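Let's take a walk through this model together, with the viewer open beside the text.

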Amino acid sequence: MQRTLLREYEAMQRENLILSFDGPVSQGVVEELGGLMREKIRAEAAEGRLAHRVFAILVEQMQNIARYSVERVRLEGGPDRKDCLEMARGRVVVGREPDGRYFVACGNCIASVDGERIARRLSEVQSMSREELKDHYKRMRRLGPDPDSKGAGLGFIEMARKATGPMDFSVEPVDPRTSFFSMKVIA
Amino acid sequence: MTRYTVAGTKSSPEIDFDPQSGTLRIQGESYPENCSRFYGPMFDWLQEYFGRSNGQRVRLDMEIVYFNSSTSKTFMDLFDLLDDHAGQGKEIEVNWRYHEDNETAQECGEEFLEDVRNLRFNLVEIRD
């Protein structure tokens, strides 16, 4: 166990990671990790908007995990309060690219049936220009989310607008019902 | 009608609506766990306020440091609601307040301004 932790620690150093989290993502985790990264980058970076971009991407990614991860951690409690006591498991990573830019990446299990829809929506957003993203964002904001969405359906567009490079994502099958979704956004 | 107040948290803003003066204030950060659950009661309150004969004027002061994409949708719904009432002849003004260093908040305000028609939407820069 200690060996594994050391290897992971060394890998984090090597890959220039600042934050690596794997576990249940509660609203408290979103607030604390988001706040921590925002403070850290605000203190270090010359560009004021960078801390805001990293924070915004991190919040969208963690709230996506909270809403869509199919790996749910059930905490002790009465069955009548189950929606308050269920937390979604996922992984988030913040690090630096070789050129110094910050990236935010996340990964979580999703239902395989949702994989295609997510990939389609991300591919659509990936190909858009800044101006197209702005129009798409405003149009979707008025239109409202599709029935499968648990939020406003704007998260991917929001992240694309905050990104300074192309967004990268993948959907890998884990078993017949489950896939692993991951994405990386450079802030 | 009673005043509507909600205390702010790390991820949800302070809300203070005074029906006497028609002054509303939303201030803080907005990325609650469940946006519709957090803002639902505020919309109910507003519907009731506008249903009353004295609900003729509104001044909404908003100062939001950061809001997530779900909140963006909710704010658009809020401005659409106010815009409809402004279109019916009510006197409605929104002051979108942002700190001079917060360019993102400024741009978000500009994008909301582009999407409203009837209400007075002012961008207000706050300096130190």
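Is Arg142(A) buried, partly exposed or exposed? With a relative accessibility of 38%, Arg142(A) is partly exposed, where buried means under 20% relative accessible area, exposed means over 50%, and partly exposed lies in between (1.4 Å probe, protein chains only).

A word on ground rules before we go further. This is a predicted model, in which local features need pLDDT of at least 70 and side-chain atom pairs count only at pLDDT 80 or more, while totals for chains, interfaces and linings use all residues. Residues are numbered from 1 along each chain as its sequence is written, chains are lettered from A and ligands numbered from 1 in the order in which they are written, and side-chain values use heavy atoms, with hydrogens and water left out.

As for confidence, the predictor assigns the complex an ipTM of 0.93 and a pTM of 0.92. Chain B has an average pLDDT (the predictor's confidence in each residue, from 0 to 100) of 95, and 98% of the residues score at least 70.

Now back to Arg142(A), which forms a salt bridge with Asp80(B), the closest N and O atoms lying 2.6 Å apart. A salt bridge here is a side-chain nitrogen of Lys or Arg within 4 Å of a carboxyl oxygen of Asp or Glu, and helices (H or I, at least four residues) and strands (E, at least two) are DSSP runs, numbered from the N terminus. Over all chains, the whole structure holds 31 salt bridges.

Another of these links Glu103(B) and Arg49(A), at 2.8 Å from N to O. Here too the pair crosses between chains, from helix 3 (residues 103-114) of chain B to helix 3 (residues 48-68) of chain A. Both partners are partly exposed, Glu103(B) at 36% and Arg49(A) at 24%.

Within chain A, the side chains of Arg53(A) and Glu47(A) meet in a salt bridge of 3.1 Å, N to O. In this pair Arg53(A) is buried, at 14% relative accessible area, whereas Glu47(A) is partly exposed at 40%.

One last stop is about the backbone. Most residues other than glycine have a negative phi. Asn16(A), however, has a positive phi, near 60°. Look for Asn16(A) in the loop between helix 1 (2-14) and strand 1 (17-25) of chain A, where the residue is partly exposed at 41%.
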